[in-house]
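This report looks at one residue and then at one helix. The sequence and the structure come next.

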Amino acid sequence: MKTYKNDFDILKTKVNDQPLTYLDSGATSQKPRQVIEALADYYEHDNANIHRGIYTLSQRATDHYEAARDKVQHFIHAADRRSIIFTRSTTESLNWLAQSYGPANLKAGDEILLTYMEHHSNIVPWQVLAQRVGAKLKYVALDDQGFLDLDDLKRQLSDKTKLVTLTQLSNVLGVKTPVKEVVKAAHAVGAKVILDGAQGAPHMPVDVTDLDVDFYAFSGHKMMGPTGIGVLYGRLELLDQMPPAQYGGEMIERVGLYESTYTKLPERFEAGTPNIAGAIGLGAAVDYLQSVGMETVEAHEAELMAYAMDKLQAIDGLTIYGPKDSKQHHAVIAFNLAGVHPHDVATILDQSGVEVRAGHHCAQPLMDYLGVTATVRASFYLYNDLADIDRLVDALKVAQEYFAYE
Ligand code: C6P
């Protein structure tokens, strides 16, 4: 298995006097040197505000920022660069849709279809919208392995459904959702589809044009980019009709004392000084991922997953949530050790330098659905290798011994 660790200096660090085994990329990924250098390079050589200055430095900063937009456009195969709006995160992208697209397009009695595996960021904004306009939220069931129940989705779709909003990859169950089938069924009743790509964009090739989704949201920090930068992709004609999400500088055409007109896409959605460095860093992350190739990223992770599933399933008293077939399970493995609280497991693992997440993973409705309050979660990325999984397994055995599991 090829190693990519050398591009990530942080992986040479120690925690608790142990070599770092980073298995929490689902929460945020590490950044390769290429991304860190792009950020430093921007601040050292090109830093200026964008779109405003007539001077050279500002033009240079603007060029880098807009080049990052082009890179993102090509990364997700959007037909038009104006469809790429820079936001702060997946969370902000989804909130903007709920606050801006929502009230302009939904009314009392309309329905929004979600799934039981959504992250809080793809639930709470819709609850607030539903309360605001009098719409109703409905949830699509999962089967006993955690896959989306397409039949249930089709049963629940009707001409009242205005939005279907779902994750591309569950941050707990590791399942992919059947996006194309969902889009086909939703469009047949005239509903729009929002895809939460927070866990999708980092791990698989994405083609929003082929998927035919109406909106796509994702975060830079989970795909080797900096924190504080995210993306909202929208179908051009939908973005064009959507009221701005925020108002202020940069997004205007002409400001009068009592009324203003707004500029064109994408600037209309980027009020104020944007996260210029963040966008440039995200562009560098896209370059990095593309230099490896998203198919290679996927294949590398599939190998890790196959190895990890085998090793974890062999541990007595360990329950894995989501499909047991490693080919159907991606990027994250959520599990529990019988008789040991997930927080205790994570604390013991930390003593061995193995960093995993424990808790509800911002998916409390899914935890309720699974009948648990919390799980441990190990999540992988390109820079992990088989030795990381061996260290996870060894540390889990230490945890079992510590808590004297029989
Ligand atoms: N999940 C996790 O550890 P932000 O925080 O805006 O970058 O991403 C929100 C988000 C939305 N959808 C899904 C499917 C997600 O997994 C996340 C973030 C992290 O699982 C932090 S809770």
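## A buried aspartate and a helix

D388 is found in helix α13 (residues 386-402); helices here are DSSP runs of H or I with at least four residues, numbered from the N terminus. The model is predicted, so local features need pLDDT of at least 70 and side-chain atom pairs count only at pLDDT 80 or more, while totals for chains, interfaces and linings use all residues. Residues are numbered from 1 along each chain as its sequence is written, and side-chain values use heavy atoms, with hydrogens and water left out.

D388 counts as buried because its relative accessibility is 0%; buried means under 20% relative accessible area and exposed over 50%, with partly exposed in between (1.4 Å probe, protein chains only). Leaving aside neighbours within four places in sequence, D388 is in contact (heavy atoms within 4.5 Å) with K5, T21, L23 and Y383.

| Partner of the D388 side chain | Distance |
|---|---|
| K5, side chain (polar contact) | 2.7 Å |

The buried residues of helix α1 are V35, A38 and Y42. Seen down the axis of α1, these buried residues fall within an arc of 55°, so they line one face of the helix; the arc is that of the directions from the helix axis to the C-beta atoms. Their cover includes α2 (56-75) and α9 (276-292). Exposed residues Y43 and E44 sit on the face of α1 turned away from its buried side.

Key: Helix = DSSP H or I, 4+ residues; strand = E, 2+ residues; numbered from the N terminus. Polar contact = N/O pair within 3.5 Å; in protein donor to acceptor, adjacent residues only side chain to side chain.
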